[in-house]
Amino acid sequence: MGALAGKTALVTGGSRGIGRGIAERLGRDGALVAVHYGSNAAAAEEVVKTIEQAGGRAFAIGAELGVPGDAQALWAAFDRGLAEHGGGEGLDILVNNAGIGLFGRIHEVAEDGFDRVFAVNAKAPFFIAQHGLDRLRDGGRIVNVSSGVTRVAFPSAIAYSMTKGALNTLTLTLAQELGARRITVNSVLPGIVPTDINPWLDDAQQQVRVAGYTALNRVAEVADIADVVAFLASDDSRWITGQNLDATGGAGLAV
Ligand SMILES: NC(=O)c1ccc[n+]([C@@H]2O[C@H](COP(=O)([O-])OP(=O)(O)OC[C@H]3O[C@@H](n4cnc5c(N)ncnc54)[C@H](OP(=O)(O)O)[C@@H]3O)[C@@H](O)[C@H]2O)c1
């Protein structure tokens, strides 16, 4: 029996990158996993197939985030998917992972880009949590995928960094709000991880540079982050809430 047997999880942006790693790991741990995607249904179905081939249970749900009514659309798709897969009602683990990047120093960021990155990275998780509260069972988990840029300044992505700062504040405040229901709320802070968000990391020289940012002197793998999320999703983390857990391999520890 896996650590999450009998639990239901929703991973936003579970179709690719870090979210895919998280969905597959939670599936291996025994959870029924709702694999959310924005536009790429085929990628989400592939993740579902991978989880099923490993003996797990999963289903895909689509909803574009960052647009009006996104959270309601997501939960409606979740409810439909769950009913079709005999999962009963409600869920135990919500992972707010879906997000987009935005490069630009302060003088380079345009207003529409600023609004868009906040809509997807900060506003959507807020309303997904708000509309999910009645579904989330007591003793449940919310894990927000934030970023190491909230600890180590990265001026080339200032607006993106601000969205993750907002997410960390959501974590802190919601943890206090939901503590009475034994629901824990935590953030995980990855450093630079090779996913579609970072196509420049295909370059070997860039990999050496990025490895050099970390105390552990290597480039992260998606599993490095997924394993931390799995811990926060499990009963082992029951006494941890309202925290920002750095998972950067020790980026920026020394000057
Ligand atoms: N990779 C890194 O270096 C890194 C570092 C720190 C933090 N993070 C954070 O980790 C999370 C995942 O990043 P990633 O690198 O895995 O990204 P990714 O490979 O680009 O995957 C993004 C995922 O989010 C979904 N998504 C994006 N925009 C969406 C929208 N508007 N509506 C619905 N779904 C949307 C995508 O689904 P579709 O393909 O269907 O659109 C996809 O499943 C993000 O929150 C990111 O900020 C990443």
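Predicted model: local features only at pLDDT ≥ 70, side-chain atom pairs only at ≥ 80, totals over all residues.
Student: How many helices and strands does the protein chain have?

Tutor: The protein chain contains seven helices and seven strands. Their order along the sequence is β-α-β-α-β-α-β-α-β-α-β-α-α-β.

Student: What does the radius of gyration say about the protein chain?

Tutor: The radius is set against a value from the globule rule. For 255 residues that rule gives 18 Å, and the protein chain has 17 Å, so it is as compact as a globular protein of that length. Along the principal axes, the C-alpha atoms fill a box of roughly 50 × 40 × 35 Å.

Student: Which contacts join residues at least 24 apart?

Tutor: Take the contacts between residues at least 6 apart in sequence; 74% of them join residues at least 24 apart.

Student: What span should helix α1 have?

Tutor: Helix α1 covers residues 17–28, and at 1.5 Å a residue its twelve residues should span 16 Å. The C-alpha atoms at its ends are 17 Å apart, which agrees.

Student: Why is α1 described as largely enclosed?

Tutor: Eleven of its twelve residues are buried, so the rest of the structure largely encloses α1. Among the buried residues are Ile-18, Ile-22 and Leu-26, and also Arg-20, Glu-24 and Arg-25.

Student: What follows α1?

Tutor: Gly-30 follows α1, and its phi is positive, near 105°.

How values were computed
Residues numbered from 1 in each chain as written. Helix = DSSP H or I, 4+ residues; strand = E, 2+ residues; numbered from the N terminus. Rg over C-alpha atoms; globule rule 2.2 N^0.38 Å. Contact = placed C-beta atoms within 7 Å. Expected span 1.5 Å × (residues − 1). Buried ≥ 20, exposed ≤ 12 C-beta atoms within 10 Å, placed from the backbone.
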